[in-house]
Amino acid sequence: MTFKRTILSGLALATSLALSGCIIVDEQTSPPRVVTVVQEVEPAGPGADDRLNATLWVQQAVEYKATADGIYALAGMRLDEALADPDWTAVPEAQQPGYQDLPPAIILDADETILDNSAYAAFGIQKGRDFDEASWNAWASSGVAGPVPGAVEFTNAAAAKGVKVFYVTNRDAVTKEGTARNLKALGFPMGGNVDTLMTKGEQPDWGSAKGTRRAVIAVNYRVVMLLGDNFGDFTDDYKGSPEERQRVYEANAAKWGREWIMLPNPEYGSWESSAFGNDYSLTPDARREMKIEQLKAWSQD
């Protein structure tokens with residue numbers, strides 16, 4: 001029997017289940033018999049979202065909590081070493097002569113360093129939505145993020161030792177009020193008469209790269225430690241290919257775990273975007289394909 005098949009497009013994207021139809025023409029009957037076959041096709045659901053396991057790990061794994069607690073315990077020990085050594089600085093390129101006499105400070109990123117935004121990621125996974133600026137700003141302004149394990153305790157211990165605690169975040173300036181309210185509600189030290197929360201776009205030269213903000217702090221403080229979850233929390237040379245990032249990482253090998261303390265973030269970051277050339281105009285499927293191509297896989301002969 002000979003068949004001619006034509007794939008029909010339906011209104012699949014407007015429904016929770018996609019519908020694809022086939023017209024089958026049986027030319028062996030007289031007149032030809034036309035049969036329409038409608039097949040239900042499951043759309044890509046939450047399981048197709050690259051953030052699923054990472055978000056579940058952050059929310060439920062004691063392994064994540066233990067890792068974060070351990071990192072902040074290390075940070076506490078390094079802070080004591082830094083306070084005992086007047087030459088210790090995490091930003092030597094930004095400090096001016098005589099910085100040893102300045103009061104000490106630490107700089108922390110906000111998202112996934114001290115604030116846990118996994119609920120926002122879970123919202124996107126369950127709704128089938130990628131990151132977008134409007135929903136992110138709404139989330140950040142709501143002031144309901146939880147704390148990363150160990151962060152509140154570490155920052156308060158630092159403040160009790162006379163260390164000024166600064167938060168340098170790439171949250172947009174429009175979210176500053178909600179972010180400050182969030183930090184205060186969780187018990188983070190807020191700097192008293194010093195504005196210690198520095199958001200992106202708050203000043204004309206405060207872009208995604210954080211070097212200008214670190215330099216502002218270094219004018220009046222000896223910056224003894226940087227803490228973050230993303231390469232850009234430590235250096236402005238965070239973009240580029242994985243190979244270029246590896247070279248920058250190795251060039252700063254002596255700082256890791258000492259002046260520079262990294263928190264784990266498997267959900268997002270410049271590590272992910274470097275795999276697809278930092279090109280967010282690509283579709284999620286195209287990005288995923290490029291990430292798969294970057295994998296170093298076992299070849300079974």
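**Exercise 1.** Is Phe-123 buried, exposed or partly exposed?

*Solution.* Start with the model itself: it is predicted, so local features need pLDDT of at least 70, side-chain atom pairs count only at pLDDT 80 or more, and totals for chains, interfaces and linings use all residues. Residues are numbered from 1 along each chain as its sequence is written, and side-chain values use heavy atoms, with hydrogens and water left out.

Next, the cut-offs: buried means under 20% relative accessible area, exposed means over 50%, and partly exposed is in between (1.4 Å probe, protein chains only). Phe-123 has a relative accessible area of 31%, so it is partly exposed. For the chain of 301 residues, 39% count as buried.

**Exercise 2.** Work out how Tyr-120 and Phe-123 are placed in the chain and what ring pair they form.

*Solution.* First, find the element. Helices (H or I, at least four residues) and strands (E, at least two) are DSSP runs, numbered from the N terminus. The chain has 10 helices and 10 strands. Tyr-120 and Phe-123 both sit in helix H3 (residues 118-127), 3 residues apart, which is about one turn of the helix.

Then look at the rings. Rings of Phe, Tyr and Trp (its six-membered ring) pair if their centres lie within 6.5 Å; planes under 30 degrees apart are stacked, over 60 edge-to-face, and the rest tilted. The structure holds 15 aromatic pairs. Tyr-120 and Phe-123 form one that is tilted, at 6.1 Å centre to centre with 35° between the planes.

**Exercise 3.** Which parts of the chain does the pair of Phe-231 and Trp-256 tie together?

*Solution.* Check the geometry: Phe-231 and Trp-256 make a tilted aromatic pair, 6.0 Å centre to centre and 40° between the planes. Now place each residue. Phe-231 is in the loop between strand S9 (222-228) and helix H8 (242-251), and Trp-256 is in the loop between H8 and strand S10 (260-262), so the pair ties together parts that are 25 residues apart in sequence. Phe-231 is buried, with a relative accessible area of 6%.

**Exercise 4.** Find the ring that the charged end of Lys-255 sits over.

*Solution.* For Lys-255 the ring belongs to Trp-260, with the charged end 5.1 Å from its centre. Arg-287 does this with Phe-276, at 5.7 Å from the ring centre.

**Exercise 5.** Describe how helices H1 and H2 cross and which residues meet.

*Solution.* Axes are lines fitted to C-alpha atoms, for helices over the stretch in contact, and angles run from 0 to 180 degrees between N-to-C directions. The axes of H1 (residues 52-60) and H2 (residues 62-84) come within 6 Å and cross at roughly 70°. That makes H1 roughly perpendicular to H2 (angles under 35 degrees are roughly parallel, over 145 roughly antiparallel, 65 to 115 roughly perpendicular, the rest oblique).

For contacts, look for heavy atoms within 4.5 Å. Trp-57, Val-58, Gln-59 and Gln-60 in H1 meet Val-62, Glu-63, Tyr-64 and Lys-65 in H2.

Notes
A charge sits over a ring if NZ of Lys or CZ of Arg is within 6 Å of the ring centre and within 35 degrees of the ring normal.
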